[in-house]
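Subject: Structure for you to look through

Hello,

Here is the structure I said I would pass on. Please open it first and keep it beside you while you read my notes.

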Amino acid sequence: MTIIQKGGCLKDKTITVLQEIRQCRLCEPELPLGANPVVRGAEHARLVIIGQAPGTKVHQSSIPWNDASGERLREWLQLPSEKFYDQHQVAIMPMGFCYPGKGKSGDLPPRKECAPTWHQRLLDTLPERRLTLLIGQYAQQYYLQDKLTLTERLKNYRQYLPEYFVLPHPSPRNNIWLKRNPWFADTLLEDLQQRVKAVLAKDHTSY
């Protein structure tokens, strides 16, 4: 984990990177609703959530996971909204910071420019992060770089711990997958909730 020691304190570095991300217009010409990068975080955040890309509702509100997918995710994590949106505890950064547009079956994939341009710069200013949730195939493929399917990763989720916890996207579009794979709710969610609770505890120790 890289800790910045020169050129200003970490708090200032975090604020600076977040401001730069929110001002980014790198791929605005390709975005149907224009650029509106959605990201949250603060120096002492211990839980990092990396998802896919904002939908239209999140684009309009600038509040990450402010939709049906977010409601389900908070239920999975057993986190009330006030704790989920406490940026001093939870950092939220999607693979693509802006709404990418509509495809033939749902939203288009996240823009590929965002993660290599911004992710490591922001993560380097979050030295207290203890657990990163990789939600959906795009985040998992980028960070894990394996050739497994999402289902295979979930069945073998322990191999990515303690740094990463893999999850399917909580979108209603995944209801069929969730019904076909009841082991996810029966096995993974309890472990997930315990780990998130431990990471966010004031007297956190390694889980």
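Leu 31 is a buried residue, because its relative accessible area is 7%, under the 20% cut-off. Please keep in mind throughout that this is a predicted model.

**Leu 31 and its surroundings**

Leu 31 belongs to the loop that runs between α1 (10-22) and β1 (47-50). Which residues does Leu 31 touch, leaving aside its neighbours within four places in sequence? The contacts are with Cys 98, Tyr 99, Pro 100 and Arg 111. Take Cys 98 as an example: 67 residues separate Leu 31 and Cys 98 in sequence, while their C-alpha atoms are 7.8 Å apart in space.

**The cavity**

Cys 98 comes up again in the next feature. The structure has one cavity of 30 Å³ or more. The volume of the largest cavity is about 80 Å³. Its lining is made up of 13 residues, and those closest to the centre are Cys 24, Pro 37, Phe 97, Cys 98 and Cys 114. By class, the lining of the largest cavity has 11 nonpolar residues, two charged ones and no polar ones.

**The largest pocket**

What volume does the largest pocket have? The value is about 950 Å³. In total 38 residues line the largest pocket, and Gln 52, Asp 107, His 169, Ser 171 and Arg 173 are the ones nearest its centre. Several elements supply at least two residues each to this lining: the helices α2 (56-61), α3 (68-77), α6 (137-144) and α7 (150-155), and the strands β3 (102-103) and β4 (106-107). Of these, α2 gives the most, with three residues. The lining of the largest pocket divides into 18 nonpolar, 14 polar and six charged residues.

**The second largest pocket**

The second largest pocket holds about 180 Å³ of space. Its lining consists of Met 95, Pro 109, Pro 110, Arg 111, Lys 112, Ala 115, Pro 116, Tyr 138, Gln 141 and Tyr 142. Arg 111 in this list is also one of the residues in contact with Leu 31. Both α5 (114-123) and α6 supply at least two residues to the lining of the second largest pocket. The largest share, three residues, comes from α6. Sorted by class, seven of the lining residues are nonpolar, one is polar and two are charged.

**Arg 153**

Arg 153 is in helix α7. Is Arg 153 buried or exposed? Arg 153 is buried, since its relative accessible area of 1% falls under 20%. Leaving aside neighbours within four places in sequence, Arg 153 is in contact with Gln 140, Gln 141, Leu 144, Asp 146, Leu 148, Tyr 160 and Val 166.

**Helix α9**

The last item is α9, which covers residues 183-200. With 18 residues at 1.5 Å a residue, α9 should span 26 Å, and its end C-alpha atoms are 25 Å apart, so the two values agree. There is a bend of about 30 degrees in α9 at Leu 189. Leu 189 is also one of the buried residues of this helix.

Regards

Note on methods: Residues numbered from 1 in each chain as written. Predicted model: local features only at pLDDT ≥ 70, side-chain atom pairs only at ≥ 80, totals over all residues. Heavy atoms only, no water. Helix = DSSP H or I, 4+ residues; strand = E, 2+ residues; numbered from the N terminus. Buried < 20%, exposed > 50% of the residue type's maximum accessible area, 1.4 Å probe, protein only. Contact = heavy atoms within 4.5 Å. 1 Å grid on protein atoms, 1.4 Å probe; cavity = no way out; pocket = protein on both sides within 12 Å on 5 of 7 lines; lining within 4 Å. Points joined across faces, edges and corners; volume = space filled by probe spheres on them. Nonpolar A, V, L, I, M, F, W, Y, C, P; charged D, E, K, R; others polar. Expected span 1.5 Å × (residues − 1). Bend = angle between axes of the 7 residues up to and from the residue.
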